[in-house]
Amino acid sequence: MTKTDPEVRIPDPIDLDRAEEDRLRAAAGLAPVRPERPEYAGFEQVGIPDRPPETAREMEVYSLAEGEMLLNMGPQHPSTHGVMRLLVKIRGEVIVDIDPVLGYLHRGIEKLCENATYTTVLTYVDPMDYLSTMHNEHAPAIAFEKLYGVRAPKRAEYIRALVVELNRIFSHGLMMGFLALDMGGLTPILYSFINRDEIVDMLSAISGQRMLFNFFRVGGVNFDVNDEFISRLGTWRSHVLENIEMNEWMITENEIFTARTKGMGTLTGQEAISLGVTGPNLRASGVPFDVRKAHPYSIYPELELEVITQESGDSYARYLQRIAEIKQSIHLIDQIVDKMPHGPVQAQVPGIIRPKPGRAYGAVESPRGLYSVYAISDGGPNPYRFRMRDPSFISLQAMPKVMPGRLVADTMAVMASFDPVMGGVDK
Amino acid sequence: MAHVRRPRPAAHALGRRRSLSSPAAAGALVRILTERFADDLRDLWTDEDTVEFQIDGARNVEVLTALRDDPDLAFFMLADEAAVDYGVGAHFEVVYHLFSWQHPAWLRVRARVDRSDPRIGTITHLWEGAMFHEREAYDMMGIIFEGNRDLRRIYMSPDYRSFPQRKDFILPDDAADSPAHGVNPLERPETWDLSRFRDAAGAAAGTPDAGTPDAGTPDAGKSRRR
């Protein structure tokens with residue numbers, strides 16, 4: 001094996017071609033193909049973006065030092081949890097920088113909601129974070145109820161908490177499966193979907209839909225619990241812990257899994273707070289912030305709820321945090337079913353409501369963190385401004401923080417541990 | 001199994017009106033705020049779980065730094081940073097929602113931004129996570145956050161030239177119903193104004209007016225583009 005002198009740069013074949021082409025064109029008296037343009041100075045070797053850099057950060061990402069290259073992961077990459085592009089700057093197999101490029105799923109839901117009535121807004125927000133649809137409806141429902149000055153009946157609040165916790169369980173369960181899938185383990189995702197399907201059947205029994213439930217209303221919920229829901233809930237409750245333990249048994253102690261998650265993507269609590277990371281990802285870094293406890297809404301003040309935290313803040317901690325929260329949610333569901341009162345499930349609210357001019361903020365703890373809605377009413381039938389803060393959108397900013405120095409192959413494994421959903425990221 | 005909606009019970013059993021005028025259980029927070037920010041604080045207002053005040057857009061960094069670093073306030077977490085457009089002739093607002101362990105209320109800080117020159121200081125040095133919020137506000141509203149080192153579009157493509165969440169950006173399918181009848185001064189032809197295709201088709205067919213079906217109607221005097 002011949003040793004190459006590291007000082008001597010091996011010329012890029014494309015550069016050789018370009019030089020040869022320029023020489024031929026110059027000999028023939030033709031202008032060079034790519035005239036020198038000052039705004040592209042320093043970008044010839046990159047090729048992208050096909051425009052001058054706009055910001056200092058973009059300049060930093062696109063400027064390559066010796067030995068670095070840019071790699072696009074996505075937008076159609078099967079493991080990007082939706083349609084997203086990660087622009088990865090690498091040196092060999094080691095990541096130097098990451099720039100997430102978003103917007104491939106942008107539907108302008110906020111603008112659509114500003115042109116919809118308050119009741120129809122609750123259907124528009126469903127496909128945002130499509131794994132936590134119930135939470136998507138919960139925050140606007142809280143905000144609109146504040147705006148309109150109505151409170152949901154007690155039983156409706158209990159049913160809300162029940163379906164929301166069920167939704168959290170299947171969302172966290174899917175995260176376990178996807179995390180293993182991104183490391184090459186194909187089996188757990190199948191079991192995750194089996195577990196999810198049981199819950200989805202249950203929720204479809206109560207709401208009539210399997211995925212985009214459209215279950216919440218301003219001032220209550222659409223339907224009361226019915227026999228099918230209760231019977232499915234009982235069946236599920238009788239074996240859910242065994243299922244989760246089987247999943248754990250498959251994943252938690254797996255040697256490959258632990259090797260690829262322990263110490264990966266470590267965020268300290270301070271960094272996580274600064275980056276706006278919330279939810280299980282923040283609690284895995286040791287910060288006991290849970291909206292259900294920190295700023296209680298719905299019936300959570302009446303339930304026994306301990307905020308669980310982990311210490312290490314790495315991918316493994318985020319995984320363990322999810323498992324702990326699944327068990328916590330099951331405990332919450334037990335309490336909710338025990339305490340659920342009788343009564344109406346809807347307050348008397350007209351189909352088209354016109355709240356008095358005002359502002360309201362509704363925040364809930366979604367499986368991905370703090371999901372909040374800021375709604376402004378001008379007295380008309382649709383919200384004047386409808387603002388959604390999606391947790392996975394903000395958590396995605398952690399990727400450029402935690403990934404430099406790691407291998408390309410771990411990018412998706414770490415990203416899966418943050419559990420972003422692109423429908424929510426792109427709104 | 002069919003879903004049976006329960007019969008509606010009597011009105012008195014239904015949801016009760018919640019009094020929005022009652023102040024939050026956040027008297028201590030209100031007192032501290034009025035002490036610390038006597039000069040900046042305007043229109044202090046409380047909801048049942050929110051304390052809100054307005055500040056001048058030029059003072060946002062100072063106020064938010066104080067809110068974060070003051071040990072009595074300690075609003076360590078930026079829950080949300082939203083931009084609001086109050087329409088042509090009015091102003092923009094950048095709205096911050098903050099959380100602190102010490103106070104049982106969300107704190108909402110509304111910073112007013114001039115609409116003709118929408119500039120406000122960045123807070124990405126206080127919370128790094130404000131970056132995506134500010135990029136979104138820039139993309140959707142066109143608010144410039146001074147000092148933000150990555151202020152580029154985040155959802156729309158880089159060559160897009162409009163700010164779609166401004167109130168004078170009217171959705172194409174709403175144009176017929178809009179008071180302005182489709183006038184949209186913010187959209188530029190290079191993005192998604194279809195008139196250039198119509199014009200091109202009309203020129204190809206040799207009938208220059210074919211691309212402007214509204215020419216000659218009573219509204220033609222307005223700056224109508226579709």
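I call a residue buried if 20 or more other C-beta atoms lie within 10 Å of its own, exposed if 12 or fewer, and partly exposed in between, with C-beta atoms placed from the backbone. Helices (H or I, at least four residues) and strands (E, at least two) are DSSP runs numbered from the N terminus.

I noted that this is a predicted model, in which local features need pLDDT of at least 70, side-chain atom pairs count only at pLDDT 80 or more, and totals for chains, interfaces and linings use all residues. Residues are numbered from 1 along each chain as its sequence is written, while chains are lettered from A and ligands numbered from 1 in the order in which they are written.

**Strand E4(B)**

I looked up strand E4 (residues 91-99) of chain B and found that eight of its nine residues are buried, so the strand is largely enclosed by the rest of the structure.

I then checked its pairing, for which DSSP must find at least two bridges between two strands. Strand E3 (residues 77-85) of chain B runs antiparallel to E4(B) and is joined to it by eight bridges, with Leu78(B) opposite Leu98(B). Five residues lie between E3(B) and E4(B) in their hairpin, and Gly87(B) in the turn has a positive phi of about 95 degrees.

Strand E5 (residues 106-114) of chain B also pairs with E4(B) in the antiparallel sense, over eight bridges, and there His97(B) stands opposite Arg108(B). These two strands, E4(B) and E5(B), form a hairpin with six residues between them.

**Chains A and B**

Counting residues as in contact if their C-beta atoms, placed from the backbone, lie within 7 Å, I found 51 residues of chain A in contact with 44 residues of chain B. On the side of chain A that touches chain B, E7(A) gives the largest share, four residues.

Technical notes. Contact = placed C-beta atoms within 7 Å.
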